[in-house]
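Here's a quick briefing for anyone opening this one up for the first time. Have a look at the model first, then work through the notes below.

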Amino acid sequence: MTSDRSLSRPRHLAAVIITLAVGACASTPSDGPRQYLDEKSAATVTVARDPLVFARERPELAVHARDYLTLVPIDVNRMGKHVLYFYCFVWSTIDKRGAPGSDEATLQFEIVADGRRIPLVPLKATPRELGLAEPPVSAPSGSARLLIAQTDRQTLAFLATAGAIHAAELRGGVSESYELWSGNPGSLLALR
């Protein structure tokens with residue numbers, strides 16, 4: 001005599017296997033960039049698949065404390081006009097709001113590749129004015145500060161082939177180096 005419980009096991013097992021298979025397919029990283037239509041701004045946004053993350057050790061603040069700069073190239077296409085941006089987040093493993101010297105108004109970054117300095121000049125326009133009504137990537141932390149700087153294909157090509165690349169934070173005439181923590185500079189051109 002078979003019970004209803006033993007008959008439901010194969011169906012239950014099949015449902016679990018299908019769910020796991022679908023989940024695995026959905027979580028498999030894409031080899032190419034991610035592209036979406038920002039329905040609020042009518043812009044087509046292409047996001048590079050691999051961000052570059054630069055880190056600066058901060059042992060004077062806490063054990064294993066780091067400051068980060070996450071840099072994601074994006075292409076915003078508004079009615080056939082393509083504009084390239086670095087969509088960046090400045091963030092830390094510790095909350096420094098209210099800490100001495102944390103005036104972010106004077107905060108500036110630049111990318112240094114093979115000795116060439118490429119300033120990340122923050123745009124005055126809002127993300128929505130740039131065609132980014134929806135954020136193209138999520139912030140890595142709740143206290144991350146957004147920095148959007150315009151770039152061009154020649155700069156991306158230069159960075160993609162650079163032998164040495166790091167970021168620098170410029171504050172009050174002092175430059176602090178951020179080393180490449182993760183990402184592949186060669187992927188910066190993977191917007192199309």
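Of the 192 residues in the protein chain, 37% are buried, where buried means under 20% relative accessible area, exposed over 50% and partly exposed in between (1.4 Å probe, protein chains only). Keep in mind that this is a predicted model: local features need pLDDT of at least 70, side-chain atom pairs count only at pLDDT 80 or more, and totals for chains, interfaces and linings use all residues. Residues are numbered from 1 along each chain as its sequence is written, and side-chain values use heavy atoms, with hydrogens and water left out.

**The overall layout**

- The protein chain has two helices and 10 strands; helices (H or I, at least four residues) and strands (E, at least two) are DSSP runs, numbered from the N terminus.
- Reading from the N terminus, the order of elements is α-β-β-β-β-β-β-β-β-α-β-β.
- Take the contacts between residues at least 6 apart in sequence: 69% of them join residues at least 24 apart, with a contact meaning heavy atoms within 4.5 Å.
- The protein chain's accessible surface is about 11500 Å², and 57% of that belongs to carbon and sulfur atoms. Accessible areas come from the Shrake-Rupley method with a 1.4 Å probe, and for residues only the protein chains shown count as cover.

**Rings that pair up**

- You'll find four aromatic pairs here. Rings of Phe, Tyr and Trp (its six-membered ring) pair if their centres lie within 6.5 Å; planes under 30 degrees apart count as stacked, over 60 as edge-to-face and the rest as tilted.
- One of the pairs is tyrosine 68 with tryptophan 91, which counts as stacked because the ring centres are 4.3 Å apart and the planes sit at 20°.
- That pair ties together distant parts of the chain: tyrosine 68 belongs to strand 4 (residues 66-78) and tryptophan 91 to strand 5 (residues 81-92), 23 residues apart.
- Tyrosine 68 has a relative accessible area of 6%, so it is buried; tryptophan 91, at 18%, is buried too.
- Phenylalanine 109 and tyrosine 178 make an edge-to-face pair, 5.4 Å centre to centre with 75° between the planes.
- This pair also links distant parts of the chain, with phenylalanine 109 in strand 6 (residues 108-113) and tyrosine 178 in strand 10 (residues 174-182), 69 residues apart.
- Phenylalanine 109 and tyrosine 178 are both buried.
- Tyr68 and Trp91 also belong to a cluster with Trp181, linked by ring pairs.

**A charge over a ring**

- Arginine 116 has its charged end over the ring of phenylalanine 158, 4.6 Å from the ring centre. A charge sits over a ring if NZ of Lys or CZ of Arg is within 6 Å of the ring centre and within 35 degrees of the ring normal.

**Spots in the loops**

- Alanine 42, in the loop between strand 1 (34-38) and strand 2 (43-47), has a phi near 65°, a positive value in a residue other than glycine. With a relative accessible area of 58%, alanine 42 is exposed.
- Methionine 79 sits in the loop between strand 4 and strand 5, and its phi is near 55°, again positive in a residue other than glycine. At 87% relative accessible area, methionine 79 is exposed.
- Alanine 65 is in the loop between strand 3 (52-57) and strand 4, and its relative accessible area of 2% makes it buried.
- C-alpha to C-alpha, alanine 65 and serine 92 are 7.5 Å apart in space, though 27 residues apart in sequence.
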